[in-house]
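Please read them alongside the sequence and the coordinates.

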Amino acid sequence: MSAGATGIGSLPGGDAREAAKTVTGSFEEFPYLAELPARGPGADMIGRSLGLLVDMYAHVEPSGWRVSDRPGRDSKRARSWLGEDLDALEEFTQGYTGRLKVQAVGPWTLAAALELHGGEAMLQDAGACRDLAGSLAEGLRAHLADVRKRIPGARIVLQFDEPSLTAVLLGRVRSASGYRTYRAVDRQVVEGTLRDLFAVTEAVGGGEVIVHSCAPEVPFGLLRRAGATGVSFDFSLLTEREDDAIGEAVEGGTKLFAGVVPGTDGPLSDPAGSVMGVRKLWRRLGLAPGTLAESVVVTPSCGLAGASPAYARAVQAHCVRAARSLADNPE
């Protein structure tokens with residue numbers, strides 16, 4: 001069985017058709033909906049997800065995204081670009097059957113990034129956080145239904161980007177002034193919000209729900225309990241402290257989306273070398289090598305928006321070869 005490979009989300013440049021062509025050409029068995037943040041506000045991952053919200057609006061201020069009372073130019077632009085990206089992906093996935101990944105920013109990273117009218121993060125207001133998660137769930141229902149209609153043969157995998165999740169849990173998100181941090185959000189509240197959202201989107205998408213974070217100290221156990229079927233992370237940031245949580249996750253059937261190839265330009269090792277750390281982890285955890293291919297999906301360490309177009313193409317091809325090496329030689 002072949003180990004899978006896919007991308008994270010962002011790519012350099014601003015041409016939706018070129019991005020869709022690159023993604024579907026590189027990842028024939030596991031393409032994804034590319035994000036092109038170089039186009040400007042609304043094409044960034046925060047802006048794109050804010051454009052999905054139902055009955056909740058946002059606009060760009062010099063400090064970032066802020067709540068609005070009505071839809072404006074910025075959220076309209078976000079929806080327009082998403083439509084353009086979906087049109088391009090639809091064109092290059094005619095007749096496709098197999099896994100297809102779409103991404104949205106998770107509720108806790110959105111709450112840490114979105115400002116209330118006064119300039120503080122929505123994160124400090126528990127009621128506003130609940131409303132945000134509900135609005136995101138509604139928006140994702142419509143988005144996933146649209147993807148399903150456009151690419152009916154696809155098995156949708158929904159990735160929630162939650163790079164701020166660890167900071168939210170540990171009380172490390174800085175206030176508007178930068179002089180203090182917001183209080184840590186209770187782990188059970190975080191887990192419950194994610195569980196409800198995963199359940200709603202899984203029911204609509206019918207596929208897997210994975211969570212991506214390229215920050216250190218990814219809370220594997222919490223995500224597994226909340227119902228994530230996979231966790232996507234930067235492999236280079238793992239420490240042996242996470243061994244037990246990873247071992248439990250794998251034995252519980254959680255897929256690991258291992259970010260083993262650097263996301264910014266640099267020399268690429270040989271594909272087998274890129275996944276050597278994954279093989280070592282398996283040995284350290286005492287897991288059967290035969291389970292590697294079904295448990296691990298190979299990805300870049302994070303999005304590729306900061307890479308050159310040539311490197312972004314090379315990395316994606318490299319991930320596919322590294323996954324093949326892992327499947328062919330799990331030992």
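1. G119 is buried, with a relative accessible area of 11% (buried means under 20%, exposed over 50%, partly exposed in between, with a 1.4 Å probe and protein chains only). The loop that holds G119 runs between helix 4 (107-113) and helix 5 (126-150). Apart from neighbours within four places in sequence, G119 is in contact with R66 and A176, where contact means heavy atoms within 4.5 Å. The C-alpha atoms of G119 and E61 are separated by 9.6 Å, although the two residues are 58 apart along the chain.

2. On provenance: this is a predicted model, in which local features need pLDDT of at least 70 and side-chain atom pairs count only at pLDDT 80 or more, while totals for chains, interfaces and linings use all residues. Residues are numbered from 1 along each chain as its sequence is written, and side-chain values use heavy atoms, with hydrogens and water left out.

3. The sheet is open and has seven strands in the order 1-9-8-7-6-5-4, with parallel pairing. Its edges are strand 1 (4-5) and strand 4 (98-105), each of which pairs on one side only. Helices (H or I, at least four residues) and strands (E, at least two) are DSSP runs numbered from the N terminus, and two strands pair if DSSP finds at least two bridges between them.

4. Strand 5 (residues 154-161) pairs with strand 6 (residues 209-213) in the parallel sense over four bridges. D161 stands opposite H212 in strand 6.

5. Which residues make up strand 8, and how many of them are buried? Strand 8 spans residues 255-261, and six of its seven residues are buried.

6. The axes of helix 9 and helix 11 (residues 276-285) come within 10 Å and cross at roughly 90°. That makes helix 9 roughly perpendicular to helix 11 (65 to 115 degrees by the rule used). Axes are lines fitted to C-alpha atoms, for helices over the stretch in contact, and angles run from 0 to 180 degrees between N-to-C directions. D243, I246, G247 and V250 in helix 9 meet L281, W282, R284 and L285 in helix 11.

7. The count of aromatic pairs comes to five, where rings of Phe, Tyr and Trp (its six-membered ring) pair if their centres lie within 6.5 Å. Ring pairs link F220, F233 and F235 into a cluster.

8. Two non-glycine residues with positive phi deserve a check. D55 has a phi of about 60° and lies in the loop between helix 2 (45-50) and strand 2 (57-61); D55 is exposed, with a relative accessible area of 66%. E217 also has a positive phi of about 60°. E217 is found in the loop between strand 6 and helix 8 (220-226) and is partly exposed, at 37% relative accessibility.

Note on methods. Phe/Tyr/Trp six-rings, centres within 6.5 Å; stacked < 30°, edge-to-face > 60°. Parallel < 35°, antiparallel > 145°, perpendicular 65-115°, else oblique.
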